[in-house]
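Subject: Structure for you to look at, with notes

Dear colleague,

Please find the structure I promised you below, with the sequence beside it. I would be glad if you kept it open while you read the notes that come after.

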Amino acid sequence: MSSITEDNDIEQHGGGGERVGVSMSKKEESECTSCEQNNVDIITEGIDRVAIDDTSKCASCGKEGKSDDMNTCNKCKIAKYCNAACKKKHRSKHKKACERRVAELHDEALFKEIEPKECPICLLTLPLGSNTLTFHTCCGKTICNGCTYEMKMSEGKDLCAFCRMPPATSNEDCIQRVKRLMDKGNGDGFYQLAWYYSEGSKGLTQDYQKANELFLKAGELGCAVAYHNLGVLYRDGLGVEVDKKKAKHFNELAAIGGDIHSRHNIGCIEWKAGNYDRAIKHLIIAARAGSKRSLDTVKLGYEHGIVTKDEYASTLRAYHERQQEMKNDARDIAALLL
Ligand SMILES: [Zn+2]
Ligand SMILES: [Zn+2]
Ligand SMILES: [Zn+2]
Ligand SMILES: [Zn+2]
């Protein structure tokens, strides 16, 4: 069973024109392998953590101590020790339990529903796809094309529907605007400049290394799609050595940050690896957030008996609800006209 759809072409999407469809653009794709899941190197089995007031028992010798003063396992952050010697001594015994806990923590963070983002003007859930929304370098807002269309209709000209600024007048103007956003710590601003470097647009020379650094910074500032792009760059060795582990790691960070395409892709990767349980979990999350491709793959899972009827039905329902939340008349007209 392997006929699932995962595009493999690189596609960075994101920023084209001066007001560009940014975040949440790109399509599903990507590929990577297993993440360098915190290589756990430490301690014990019996992590009995006695939570009576704020004292704990040393996981190695059992001696009680004040929790704050104790030496905590830096992997699982649960096992406590009276000192570094106890910690070291306990290392081989603790290893298994610690790894298990780290994996659980990793999964708790990973398998989260995707929070919808909304248009700051109409307050409806932002649509998916770079051709349905626009990032504005003037104010750093991502606005649905329905609102952009309505602004155009009411003003007779092209103004930002949020701050009413006209579009940038030149490449220099555009880059200055982006730099102003970056000065304010706006992750989408970093993303934007990274995108220009990765494309060699706006009068800049193509420079993947610079793009990489800026995508990383953008990701750290909460721009999930920047992590997705880093995943692509590591997968394909653009400006970096090919590194499948890092590619997967960045895809996971993107998925945790709400990037639906990375979520779909991780689902496909798990599927291909035969990890159907994990695959289905990812694909259901992406489908519920509106990914048609993920929904189709969940359906395939249902047809193959690895998704139950109830799971499929509730996924389908959530998918349609999300589609409804993203729809309005202005957006429909804008899709035809803009
Ligand atoms: Zn001890
Ligand atoms: Zn531990
Ligand atoms: Zn809107
Ligand atoms: Zn604006």
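Predicted model: local features only at pLDDT ≥ 70, side-chain atom pairs only at ≥ 80, totals over all residues.

Residues are numbered from 1 along each chain as its sequence is written, chains are lettered from A and ligands numbered from 1 in the order in which they are written, and side-chain values use heavy atoms, with hydrogens and water left out.

**Zinc sites**

In what follows, donors are N, O and S atoms within 2.8 Å of the metal (3.2 Å for Na, K and Ca), and sites may look incomplete because water is not among the atoms. Four donors count as tetrahedral if all angles lie between 85 and 135 degrees. For accessibility, buried means under 20% relative accessible area, exposed over 50%, and partly exposed in between, with a 1.4 Å probe and protein chains only.

Distant parts of the chain are linked here, since cysteine 119 lies in the loop between α1 (84-110) and β5 (133-135) and cysteine 147 in helix α2 (residues 145-155), 28 residues apart. In these names, helices (H or I, at least four residues) and strands (E, at least two) are DSSP runs, numbered from the N terminus. Both cysteine 119 and cysteine 147 are buried.

The zinc ion (ligand 4) is coordinated at 2.3 to 2.4 Å by the SG atoms of Cys138, Cys139, Cys160 and Cys163, and the arrangement is tetrahedral because the 4 donor atoms subtend angles of 100 to 119 degrees. Its donor residues are spaced C-C-x20-C-x2-C in sequence. Cysteine 160 counts as buried at 0% relative accessibility, while cysteine 163 is partly exposed at 31%.

A nonpolar core is here a set of buried Ala, Val, Leu, Ile, Met, Phe, Trp, Tyr and Cys residues joined through side-chain atoms within 4.5 Å. The largest one has 28 residues, and those with the most contacts inside it are Tyr191, Leu193, Tyr196, Leu214 and Phe215. Two or more residues each come from α3 (171-183), α4 (187-199), α5 (208-220), α6 (224-236) and α7 (244-256), and the largest share, 7 residues, is that of α4.

Further along, helix α9 (residues 276-288) packs against helix α10 (residues 292-303) at an angle of about 135 degrees, with their axes 7 Å apart. That makes α9 oblique to α10, given that angles under 35 degrees count as roughly parallel, over 145 as roughly antiparallel, 65 to 115 as roughly perpendicular and the rest as oblique. The axes are lines fitted to C-alpha atoms, for helices over the stretch in contact, and angles run from 0 to 180 degrees between N-to-C directions.

**Single residues**

Most residues other than glycine have a negative phi. Lysine 77, in the loop between β3 (71-72) and β4 (80-81), has a positive phi near 60 degrees and is exposed, with a relative accessible area of 53%. Leucine 123, in the loop between α1 and β5, likewise has a positive phi, near 65 degrees, and is exposed at 51%.

Isoleucine 269 belongs to helix α8 (residues 260-272) and counts as buried at 13% relative accessibility; its C-alpha atom is 7.5 Å from that of alanine 279, 10 residues away in sequence.

With best wishes

Technical notes
Tetrahedral: all angles 85-135°; square planar, octahedral: opposite > 155°, others 65-115°.
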